[in-house]
Amino acid sequence: MNGRVDYLVTEEEINLTRGPSGLGFNIVGGTDQQDVSNDSGIYVSRIKENGAAALDGRLQEGDKILSVNGQDLKNLLHQDAVDLFRNAGYAVSLRVQHRLQVQNGPIGPRGEGEPSGIPIAMVLVPVFALTMVVAWAFMRYRQQL
């Protein structure tokens with residue numbers, strides 16, 4: 001393994017209905033409060049338990065929100081983004097960017113003949129050791145009869 005971390009970036013449209021506690025998530029970021037270096041985007045910092053976002057299940061902490069009801073969130077101050085969410089209405093459409101971490105390898109199930117990721121020695125050595133212990137115990141028990 002080379003230790004390199006790659007990311008798979010996907011976008012999704014998520015429609016939420018505002019509940020008693022709002023949309024059910026907190027945000028960070030903005031041009032005046034960058035949460036990610038060299039990126040003034042708006043990110044989900046927390047999903048509130050039993051809130052609209054948690055019940056929907058698609059929005060995740062760390063997701064970047066690209067737009068609210070079609071309005072782009074680029075180059076906004078944090079408070080302007082907060083105001084935009086608060087005034088978005090009852091039915092809110094979010095354009096979201098998910099960033100999934102992928103480490104050193106293909107995405108998805110392995111094909112036939114591809115290694116499982118566990119070195120064979122990590123399986124064979126304990127099995128061999130256990131076999132030797134059982135054989136020793138059997139031979140020792142047999143001699144006592």
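The side chains of Ser93 and Glu13 make a polar contact at 2.3 Å; the term covers a pair of N or O atoms within 3.5 Å, where within protein one must be able to donate a hydrogen and the other to accept it, and residues adjacent in sequence count only if both atoms are side-chain atoms. This is a predicted model, in which local features need pLDDT of at least 70 and side-chain atom pairs count only at pLDDT 80 or more, while totals for chains, interfaces and linings use all residues. Residues are numbered from 1 along each chain as its sequence is written, and side-chain values use heavy atoms, with hydrogens and water left out.

Let us stay with Ser93 for a moment. Its place is in strand β6, residues 91-103; strands (E, at least two residues) and helices (H or I, at least four) are DSSP runs numbered from the N terminus. Setting aside neighbours within four places in sequence, Ser93 is in contact with Glu13, Ile14, Asn15, Ser67, Val68 and Asn69, contact being heavy atoms within 4.5 Å.

Asn69 has a positive phi near 50 degrees although it is not a glycine. Asn38, also not a glycine, has a positive phi of about 60 degrees.

| Residue | Loop between |
|---|---|
| Asn38 | β2 (25-29) and β3 (42-47) |
| Asn69 | β4 (64-68) and β5 (71-72) |

And how accessible are they? Asn38 is exposed, at 78% relative accessible area, and Asn69 is partly exposed, at 38%. Ser93, at 17%, is buried. Buried means under 20% relative accessible area, exposed over 50%, and partly exposed in between (1.4 Å probe, protein chains only).
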